[in-house]
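This briefing is meant for a reader who is meeting the structure for the first time. Please look over the sequence and the model before reading the points that are grouped by topic.

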2 protein chains.
Amino acid sequence: MSEEKLSIEELGEFGLISHLTEKFKDKREETIRSIGDDAAVIGKGKIKTVVSTDMLVEGVHFDLSYVPLKHLGYKAVVVNVSDIYAMNAEPKQITVSIAVSSKFPLEALEELYEGIHRACEVYNVDLIGGDTSTSLSGLTISITAIGEAEEPKIVYRNTAQDGDLLICSGDYGGAYMGLQLLEREKQVFKAAPTAQPKLDGNDYVLERQLKPEARKDIIKQLAEIEVVPTSMIDVSDGLASEIFHIATQSDLGCQIYEDKIPIDEATYNLARDFNLDPTVCALNGGEDYELLLTVSQTDFDKFKNNPFFSIIGHMTDKPSGVNMVIKDRSVVPLKAQGWNHMNKEA
Amino acid sequence: MSEEKLSIEELGEFGLISHLTEKFKDKREETIRSIGDDAAVIGKGKIKTVVSTDMLVEGVHFDLSYVPLKHLGYKAVVVNVSDIYAMNAEPKQITVSIAVSSKFPLEALEELYEGIHRACEVYNVDLIGGDTSTSLSGLTISITAIGEAEEPKIVYRNTAQDGDLLICSGDYGGAYMGLQLLEREKQVFKAAPTAQPKLDGNDYVLERQLKPEARKDIIKQLAEIEVVPTSMIDVSDGLASEIFHIATQSDLGCQIYEDKIPIDEATYNLARDFNLDPTVCALNGGEDYELLLTVSQTDFDKFKNNPFFSIIGHMTDKPSGVNMVIKDRSVVPLKAQGWNHMNKEA
């Protein structure tokens, strides 16, 4: 199979990045960590600079027919600061570039920046620059977040150890179910434009989708209980996908327990209404913006019954593979569908 | 005139950025300079981090019918490191995010990254991260460049002094004439697809348009002659526009001399062929990626007859305005049309 025959779609997002960047070698001693983690780590002194960037494209990452622009601006910042927290670092500044059709009303951009402004207040980051450009159609937002951390406290995703506990914050699948709900109401609206959307009682999943928060509180909590995780990643592409990232990049296997995966009741019930398996939604839904981490077993007491965290499994050796103990106690290989924007296009 | 009635087009790029960001206030002591210069300056120690970002949109900033992707990748990096040099800083890392239709051939992206890779080698910067996403149509590239400089050597654009010499590197209007030439041949090709493009003998202007270089050598030269300019800016939006930025932001006026504006012979002759005024092309063409700086008159001897620089005028007090002494020795107010991508859309 010749590499030249591969298409962008076949490579997928992660495959495409590695393929395109395989020739790049770091030349600077100030480049501590480059491509391959939630954020890059740079700088010479004890305090390192941490940098992460994300691009959001209309029609791919968001649908303006049901995403309020203020929420979009807020979420665009959250997605980026979440990557900085995933390094156990503190976000300090962001740059925001937008490309937008000049037919876009100014009020719409004001709404977008209102959301960005709100997120800057909540996460205590400064907007330090950006670029504004016309696009031929639609809206594209590119944000770079910059943070700082002392070197020994920076946590990577490839440093989990065999036997470590696998721990996560929050609950899973909510943002995915919020998206399903919004998509369903959009279809209903298309068929009958006078119909009112049925969104009542689903505040939780809608908020998870439209206005997620980055887990600043978890980083604070880790500092308070004096734990530097052995590895950490933010859950943007689905819990299963991130478990694979930690396991594969740490050259380990992993065993998780289905009944330990935290799923909110609202998410669970809505998944059932949609005839979806709540566990599959939780594992593969994506956009949860929670933190997944590993810690040494010696820290068990600090996490047991700690309301900020759920212990969902442990790391194993590589030959054991990445597995899930399902509810009947049998062990099945974990599958990661991921949340691949490269494959999402119609 | 109510502000609410303004459209994106009326505000223009700079107006839009200030309008959208006027509510943002810096909260972090580590934020030394945010929006409003070529790059932001951040960090606590003596060595500051300098950050700049730019977005390039297909159909707005580049036309793939005549821009080779390798050159586009190269230029996308150059545009960003040029902003870092304009702070008298050294670029060290970049992040590159792209949004691209999945119908784009992989080979095309490989070409793009080949150009990015080449620029990383030439400018000695590491590619440390990025994001790859689908777009519904076309290609968007967002690059953030990160550099470093010792605080006292960082040069801003708003710190020129009355009486300072106004100095520039290189020559002007070449990239603009290269673009005119490529656009003309595109129209010829549309009318008669078998016609061969007439590009012979125009290597200089084509290279200025398709493969510009950032003036790393000028920063080195300034260090060698031991001059820290009193202000500096890179010339991306047209020489006149950048002169206005320095003058206005430094709260000064300026007087330049038309016969001192450096224009290459190839640019001059081609402008004449196109029935364009070479001075207008040089002042308003844009995309020159040269450096415009001010220095104290006491440094005159270091710049007189220095082949790296042209002295084109001097700063005056604000009430004198921004003027040009034209070839018949009369004084006219300088006009900046700029190179405004927000107004370029058809």
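This is a predicted model: local features need pLDDT of at least 70, side-chain atom pairs count only at pLDDT 80 or more; totals for chains, interfaces and linings use all residues.

**How the two chains are related**
- Chain A is superposed on chain B by a rotation of 180° with 0.0 Å of shift along its axis, and the RMSD of that superposition is 0.0 Å.
- The two copies are therefore related as by a two-fold rotation axis, and in chain A the C-alpha nearest the axis belongs to Ser142(A), at 3.4 Å from it.
- Because 100% of the interface residues of chain A are also interface residues in chain B, the copies meet through the same surface.

**The domains of chain A**
- Chain A is divided into domain 1, residues 3-153, and domain 2, residues 165-333, and the centres of these domains, taken over C-alpha atoms, are separated by 22 Å.
- In chain A, 17 residues of domain 1 are in contact with 19 residues of domain 2, and the side of domain 1 that touches domain 2 has 9 nonpolar, 4 polar and 4 charged residues.

**Helix H6 of chain B**
- Helix H6 of chain B, residues 216-224, has Ile218(B), Ile219(B) and Leu222(B) as its buried residues, and these line one face of the helix because they fall within an arc of 100° when seen down the axis of H6(B).
- What covers the buried residues of H6(B) includes helix H2 (69-85), strand S7 (165-169) and strand S10 (290-295) of chain B.
- On the face of H6(B) turned away from its buried side are the exposed residues Asp217(B), Lys220(B), Ala223(B) and Glu224(B).
- Following H6(B) comes Glu226(B), which has a positive phi, near 55°.

How values were computed. Residues are numbered from 1 along each chain as its sequence is written. Chains are lettered from A and ligands numbered from 1 in the order in which they are written. A residue is buried if 20 or more other C-beta atoms lie within 10 Å of its own, exposed if 12 or fewer, and partly exposed in between; C-beta atoms are placed from the backbone. Helices (H or I, at least four residues) and strands (E, at least two) are DSSP runs, numbered from the N terminus. The arc is that of the directions from the helix axis to the C-beta atoms. Two residues are in contact if their C-beta atoms, placed from the backbone, lie within 7 Å. Copies are superposed by least squares on the C-alpha atoms of residues with pLDDT of at least 70 in both. Domain bounds come from an automatic or database domain assignment. Ala, Val, Leu, Ile, Met, Phe, Trp, Tyr, Cys and Pro count as nonpolar, Asp, Glu, Lys and Arg as charged, and the others, Gly among them, as polar.
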